[in-house]
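Open the model in your viewer and keep the selection panel at hand. We will go stop by stop.

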Amino acid sequence: MKISTKGRYALEAVLDLACHSKEELESLKNIAMRLDKSKNYLEQLFVILRKSQLIESVRGAQGGYRLARTPETITAGDIIRSVEGSMAPVGCLEAGIDACECGNYKICPTRDVWGGIESRINEVLDSVTLKDLMDCYESYSGKNELEYYI
Amino acid sequence: MKLSTKGRYGLRALIDLAFYGSNGHQSLGQIAERQNISEIYLEQVFATLRKNGIVKSIKGAQGGYFLNADPDKLSVAEILRILEGDFSIIDQASEEVTNSLTLCINMNVWEKIDEEINEYLDAVTLKRLVEDYKNKLGANAPMYYI
């Protein structure tokens, strides 16, 4: 049971964008370069994230991306679920009871456990905002800068 | 993000075995039929469970399996670790963390999810699931007689 590279890269890319588009728009090329990821792959993710209205783009020579909302109002859950879909670990939770392959959902002894896992994942994802991650990142970057001068 | 059938079917089969096992050992055919799971697939799952000492088998025509663990002490976390392997939400070995951006995400998101899931699954015992199952069967039993 894993989060795919889609979700992981999307969270990294949006966090990087958030940290680098405070004053000016940021290009996908710069983000891809800093994260050492394929620009084409990130572009596919950004199309989805833009449709979910988490980021926005401005076209043209001075164009680029920025967050569509303040980082306090975007959670890790918004970003991950936007590209990964539901966090349900089994199909019968995701699509409702009709999708239960056994047809025995009323007496299914494990469905509640899988539902419990999904709730725990979503609780964590919804409790972390992009601002929390930016603060963490900036505190680390600050520390690293200090080290360079010693 | 999905669990494999090994974890899903394996847990269901163990609950079934723990529930009906009070009547004596159970054949895989009986478990497979009650849980609507392929018997051939269950053989693979039970081989893993046997290797890890969770179930024991009795050979022969009247053979079958019985639970070799105390259902009150056997947690779902332990069962799923045996069936699914590492239970981390991301592929830990994929790449070494060298930048503070990934580090912050790991600390604040992925490691927290792993902690929460493990804490939750550690607290759910096989016994509790067997009791839930008993209640569900009881609540739905009148349906069979209508």
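The tour starts with confidence, crosses the interface, and ends inside chain A.

**Before you start.** This is a predicted model, in which local features need pLDDT of at least 70, side-chain atom pairs count only at pLDDT 80 or more, and totals for chains, interfaces and linings use all residues. Residues are numbered from 1 along each chain as its sequence is written, chains are lettered from A and ligands numbered from 1 in the order in which they are written, and side-chain values use heavy atoms, with hydrogens and water left out.

**Stop 1: colour chain B by pLDDT.** pLDDT is the predictor's confidence in each residue, from 0 to 100. Chain B averages 89, and 90% of its residues score at least 70. Select helix α3(B), residues 39–51: confidence in chain B is highest here, at a mean of 96. Now select helix α7(B), residues 142–145, where it is lowest, at 49. Helices (H or I, at least four residues) and strands (E, at least two) are DSSP runs, numbered from the N terminus.

**Stop 2: show both chains.** Select the residues in contact (heavy atoms within 4.5 Å). You get 43 residues of chain B and 43 of chain A. How much area do chain B and chain A bury between them? About 4,100 Å², 68% of it on carbon and sulfur atoms. Buried area is the accessible area (1.4 Å probe) that two parts lose on being put together, summed over both.

**Stop 3: find the salt bridge across the interface.** The term means a side-chain nitrogen of Lys or Arg within 4 Å of a carboxyl oxygen of Asp or Glu. The rule finds one between chain B and chain A. Select D112(A) and K136(B): their side chains meet at 3.2 Å, N to O.

Next, pick the elements of chain B that give two or more residues to the side touching chain A: α1 (5–20), α4 (76–84), α5 (100–123) and α6 (126–140). The largest share, 16 residues, comes from α5(B).

Stop 4: Select R34(A) and D16(A). Their side chains form a salt bridge at 2.7 Å, N to O. R34(A) lies in helix α2(A), residues 28–35, and D16(A) in helix α1(A), residues 5–20; the two are 18 residues apart. Over all chains, the count is 12 salt bridges.

Stop 5: Select β1(A), residues 55–58, and β2(A), residues 64–67. These strands run antiparallel, joined by four bridges; strands pair if DSSP finds at least two bridges between them. I55(A) stands opposite L67(A). Five residues lie between the strands, and G60(A) takes a positive phi near 110 degrees.
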